Amino acid sequence: MSDSNPVTILWFRHDLRLDDNPALAAAAARGSIVPVFIWAPEEEAPWEPGAASRWWLHGSLEKLSAALAQAGAALVIRRGPSLEALRSLAAECAATHIAWNRRYEPAVVKRDTAITKALTADGLDVESFNGGLLYEPVHIATKEGKPYQVFTPFWRSLLARSEPDEPVRAPRTLLAGKPVKKTQKTVAAAELDLVPTIPWDTTMQKTWSPGEAAATKRLETFLAKRLAGYGTERDRPDHDGTSTLSAHLHFGEISPRRVWHAVRAAAGGRPAAQITGDAEVFLRELGWREFAHHLLYHFPHTTDAPLRSDYARFPWVSDPVGLRAWQRGRTGYPMVDAGMRQLWGSGWMHNRVRMIVSSFLVKDLRVSWLEGARWFWDTLVDADLAANTLGWQWAAGCGADAAPYFRIFNPTTQGEKFDPDGGYIRTWVPELTRLSTADIHAPAEADERSLEKAGVTLGHDYPEPIVDHGEARKLALEALKKVSQSS
Ligand code: FAD
């Protein structure tokens, strides 16, 4: 290729879309592109994509590949190591530039820094962009220039900035660089073995449709049907009250800027800082997503260690039996079990229920938040290192702006409050369907006749509670005392 039509390798990562993709827009404006996805999970260790994420990725790659083909460019898929794959592809298609959108996970930051250095030394022009966040972690800081550790001042500081850039449209057509020879040069998405051989993904297949088009549709549905009322409905796991955009956002099938500006427009187009009501509540959730990345970037050790270092001394309990019961949704606490079964079945769990089940693991069972984070990591389609770390450290009381450990959710009353008719439990714990609404949150307290009438034999059809919440609460508070005594 001549210099008048420079070829850019467009390295797709967590930006599996054509719309509002700054790296793609810049490369397409310059000349030809050769799009590539590289499968190198070991480079993200110890947080290599889990099983549910792999399932999603498979679908997303297929959709991206089709969308690129329609725009005139063929997606090349290769296996890692990433540096070697990029180097050989650059040589094969005489590329002069390599472009990507940045990621913020510690292992990826380290790898990308090394790759930038090596490719620049090779004489390639390397450029990276912000395609995944409203503002990057270094752009928001306290007056002293330090990272925030509390959400509210972070959010105020974010709102005080000028609005995030307007999204850029997908290039209408793409000029493809010199074609890469077919032989052995690209693998099909199916060859990456991302989908399970055991069919545990049946419900996932019915629930989700990965890819950019589905992401756009979900946003449209949310704006049309759920934004009004989001402020209250978002706390009802028995209703479809949230956007369910999390996996699409994680894989970059839709950009946060696109979502932000669409919600602003739906709320009358005012600056975000002046928006109130449901739209404000929703924008604030995108703010939590930003905050999570801010923390991950500035405190990279928190993926495996508590931000509040005194919690490193917390006497966590090793309880493989309890952990297994929690994972499988067999704790005897219906709200916890419904959540864990929703996760296992669909690869997703409602936010309110994530708070309840995480509290149960770290407080009622006193099992380390890391065990929970790892399970979520493997089973969530939206598993995201920033959000998952923040969520788990919040639950364990050991992170930024965390719920104090001594505030312990009662899983029964939480169920009564947020699933008042028991509809969520009936969906995910079908053996309790025939229990009355009064009994469904605490079958162990129901009288013999009611249980018999509902066809439930505790210990047979549904487990007895694996811990007594009152007792567990006392033990958790005792354990907490040990942390403060030793500090
Ligand atoms: P909506 O209510 O529609 O919110 C819109 C978007 O805002 C979400 O898609 C998400 O990108 C972002 N968001 C909302 N809440 C949060 C939050 N608390 N932290 C960061 N971003 C948020 N979210 C993930 O995306 N990946 C995870 O791995 C993850 N793990 C979690 C673990 C725990 C223990 C807890 C308590 C929460 C976790 N969350 C995680 C946050 C939250 O539960 C999900 O983002 C939300 O349930 C996704 O559903 P939604 O898209 O319908 O959210």
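Strand 2 (residues 32-39) and strand 3 (residues 76-79) run parallel and are joined by four bridges. Strands here are DSSP E runs of at least two residues and helices are H or I runs of at least four, numbered from the N terminus; two strands pair if DSSP finds at least two bridges between them. In this pairing, Ile-38 sits opposite Arg-78 of strand 3. To get from strand 2 to strand 3, the chain passes through helix 2 (residues 51-71), making a right-handed β-α-β crossover. Right-handed means that, with the strands pointing away from you, the path from the first strand over the helix to the second goes clockwise.

On to strand 1 (residues 7-12): six bridges tie it to strand 2, again in parallel. Here Val-7 faces Ser-32 of strand 2. Strand 1, helix 1 (residues 22-30) and strand 2 form a right-handed β-α-β unit too.

## A word on the model

This is a predicted model, where local features need pLDDT of at least 70 and side-chain atom pairs pLDDT 80 or more, while totals for chains, interfaces and linings use all residues. Residues are numbered from 1 along each chain as its sequence is written, and side-chain values use heavy atoms, leaving out hydrogens and water.

## Strand 2 under cover

Eight of the eight residues in strand 2 are buried (under 20% relative accessible area; over 50% is exposed and in between is partly exposed, with a 1.4 Å probe and protein chains only). In a regular strand, side chains alternate between the two faces of the sheet. Ser-32, Val-34, Val-36 and Ile-38 point one way from strand 2, while Ile-33, Pro-35, Phe-37 and Trp-39 point the other.

## Two nonpolar cores

A nonpolar core is a set of buried Ala, Val, Leu, Ile, Met, Phe, Trp, Tyr and Cys residues linked through side-chain atoms within 4.5 Å. The largest one has 86 residues, and Val-259, Trp-326, Met-340 and Phe-376 touch the most other members. Helix 11 (residues 277-298) supplies the largest share, eight residues. A second, separate core has 33 residues, including Leu-18 and Leu-57.

## Around Trp-348

Trp-348 lies in the loop between helix 13 (334-346) and helix 14 (351-364), and is buried at 11% relative accessible area. Leaving aside neighbours within four places in sequence, its contacts (heavy atoms within 4.5 Å) include Trp-208, Thr-242, Arg-354 and Asp-382. Met-204 is 144 residues away along the chain, yet its C-alpha atom is 8.8 Å from that of Trp-348.
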